[in-house]
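Dear colleague,

My notes on what was found in it follow directly after it.

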Amino acid sequence: MTTTPCVGLGINCNAMIGNDIAYAAELLRSGQLVAIPTETVYGLAANALNEAAVAHIFEVKNRPYFDPLIVHLPQANLLDQYAADISAQARLLAQAFMPGPLTLLLPKQSVIPDLVTAGSALCAFRVPLHPIAQALLQNLGFPLAAPSANPFGYISPTTAAHVMQQLGDKIPYILDGGPCQVGLESTIVGFEGKQAVVYRKGGLPVEQIEALIGPLQVRPHSASNPLAPGMLQSHYAPRIPLLWGNLEELLAAHAHEQPAILAFRQKKTGLPPEYQEVLSPTGDLAEAARNLFAAMRRLDASGASLILAERLPEQGLGRAINDRLRRAAATRSPE
Ligand code: TXA
Ligand code: MG
């Protein structure tokens with residue numbers, strides 16, 4: 001078994017980190033939880049058909065039971081075993097973007113426990129592209145329920161070490177697949193009648209979906225609308241306050257507070273470089289997405305008392321990045 005004990009990391013934990021897919025499968029078969037890599041973010045996985053195992057996910061994450069989980073399948077053609085009434089539009093999307101950073105909300109079959117969907121008749125389905133997630137799911141023969149592997153409300157993990165830092169004392173094993181290549185959670189798409197609706201902007205740009213099926217509705221985020229709890233404003237928040245907008249204006253108002261800076265392309269001169277993170281020096285939005293959550297975590301731990309985050313271009317993955325920053329800013333604004 002190629003595992004590494006977590007001793008020496010300076011963290012209080014019981015978990016092992018490794019790349020042993022057979023061991024992860026054995027744990028999952030016996031109803032235990034395993035953190036798994038996907039191309040979007042790391043997930044906290046359990047057998048989706050085992051209610052006790054699924055209940056354990058909610059406990060470990062400290063997640064309210066009204067917030068449903070995504071069901072992960074090895075391939076899109078298994079949707080027919082777990083979902084019902086799959087429309088032609090949904091099939092088109094599945095064919096084009098599964099595997100990949102797309103989650104589809106579809107009516108569920110009764111084999112999916114109500115606990116997974118928080119009592120909803122709809123279930124969220126996703127087919128991860130990451131080769132380790134793929135190999136694991138193909139080995140298992142049952143789907144995996146997996147939310148992002150972070151405590152409820154905090155920033156999603158994009159490395160095995162992120163998972164270890166926050167959940168290492170609560171789970172037996174973290175399957176290490178390296179840093180996530182997309183770095184943002186999946187884009188969630190559902191259907192209201194024949195209209196496709198984006199409930200969460202994510203790693204698949206809205207424009208790519210529209211190129212295939214025409215104009216989408218994008219639901220505005222609302223703290224008072226729990227329809228898709230991923231829409232709650234209070235997600236993705238660092239522990240210190242984060243303000244989001246035009247960096248020059250934010251700096252003019254907050255320079256005296258010695259803020260940390262989350263910049264798109266370049267650091268600000270005249271401010272300590274160690275309190276600054278750049279998402280992509282070349283202005284590449286995919287690179288910015290890949291770096292976003294790790295950069296937020298570093299700034300959160302930097303010792304600064306607040307983070308000033310730059311608004312990115314509102315296009316492609318920039319829209320999903322702005323969405324995360326807007327919601328991080330919505331929670332803990334300074335008094
Ligand atoms: O990229 C991702 O989607 C990652 C990886 C691990 O697959 N997963 C993820 O899961 O981000 P989670 O639980 O952190 O976010 C899923 C969001 C939640 O906000 C949840 O409310 C929403 O999807 N969701 C899940 N099932 C739903 C359902 N049946 N109806 C409405 N919303 C649902
Ligand atoms: Mg999450």
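Does Arg 290 count as buried, exposed or partly exposed? At 32% relative accessibility, Arg 290 counts as partly exposed, where buried means under 20% relative accessible area, exposed over 50% and partly exposed in between, with a 1.4 Å probe and protein chains only.

Please note that this is a predicted model, in which local features need pLDDT of at least 70 and side-chain atom pairs count only at pLDDT 80 or more, while totals for chains, interfaces and linings use all residues. Residues are numbered from 1 along each chain as its sequence is written, chains are lettered from A and ligands numbered from 1 in the order in which they are written, and side-chain values use heavy atoms, with hydrogens and water left out.

**Arg 290 and helix 10**

Arg 290 is found in helix 10; helices (H or I, at least four residues) and strands (E, at least two) are DSSP runs, numbered from the N terminus. Not counting residues up to four places away in sequence, Arg 290 touches Cys 180, Gln 181, Val 182 and Gly 183, contact meaning heavy atoms within 4.5 Å. Arg 290 and Thr 158 are 132 residues apart in sequence, and their C-alpha atoms are 8.2 Å apart in space.

**The nonpolar cores**

A nonpolar core is here a set of buried Ala, Val, Leu, Ile, Met, Phe, Trp, Tyr and Cys residues joined through side-chain atoms within 4.5 Å. The largest such core has 52 residues, of which Phe 125 and Ile 171 touch the most other members. Helix 2 (residues 51-61) gives the most to this core, with five residues. Apart from this core lies another, of 30 residues, including Ala 289, Leu 312, Leu 317 and Ala 328. Leaving aside neighbours within four places in sequence, Ile 171 is in contact with Asn 14, Ala 15, Leu 33, Ala 35, Leu 44, Val 60 and Val 163.

**Helix 7 and Gly 43**

Helix 7 (residues 160-167) is largely enclosed by the rest of the structure, because six of its eight residues are buried. The buried residues of helix 7 are Ala 160, His 162, Val 163, Met 164, Gln 166 and Leu 167. What covers them includes strand 2 (16-18), strand 3 (34-36), strand 4, helix 2, strand 9 (173-175) and helix 10 (285-300).

Gly 43 lies in strand 4 (residues 43-47), and at 5% relative accessibility Gly 43 counts as buried. Which residue is 105 residues from Gly 43 in sequence and 4.3 Å from it in space, C-alpha to C-alpha? That residue is Ser 148. Ser 148 is also among the residues that Gly 43 touches, together with Val 34, Ala 35, Ile 36, Ala 146, Pro 147 and Ala 149, when residues up to four places away in sequence are not counted.

**Two helix pairs**

Two packed helices are described by the angle between their axes and the distance between the axes. Axes are lines fitted to C-alpha atoms, for helices over the stretch in contact, and angles run from 0 to 180 degrees between N-to-C directions.

The axes of helix 1 (residues 21-29) and helix 6 (residues 131-140) come within 10 Å and cross at roughly 50 degrees. That makes helix 1 oblique to helix 6, since angles under 35 degrees count as roughly parallel, over 145 as roughly antiparallel, 65 to 115 as roughly perpendicular and the rest as oblique. The contact is made by Ile 21, Ala 24, Ala 25, Leu 28 and Arg 29 of helix 1 and by Ile 132, Ala 135, Leu 136, Asn 139 and Leu 140 of helix 6.

Helix 4 (residues 88-97) and helix 8 (residues 206-213) pack at an angle of about 125 degrees, with their axes 11 Å apart. Helix 4 is therefore oblique to helix 8. Gln 89, Leu 92, Leu 93, Ala 96 and Phe 97 in helix 4 meet Gln 208, Ile 209, Leu 212 and Ile 213 in helix 8.

**Backbone points**

Most residues other than glycine have a negative phi, and most peptide bonds are trans. The peptide bond from Met 98 to Pro 99 is cis, with omega near 0 degrees, and Pro 99 lies in the loop between helix 4 and strand 6 (102-107). Asn 62 has a positive phi, near 60 degrees, and is exposed at 63% relative accessibility. Phi of Asp 85 is also positive, near 50 degrees, and Asp 85 is exposed, with a relative accessible area of 66%.

With kind regards
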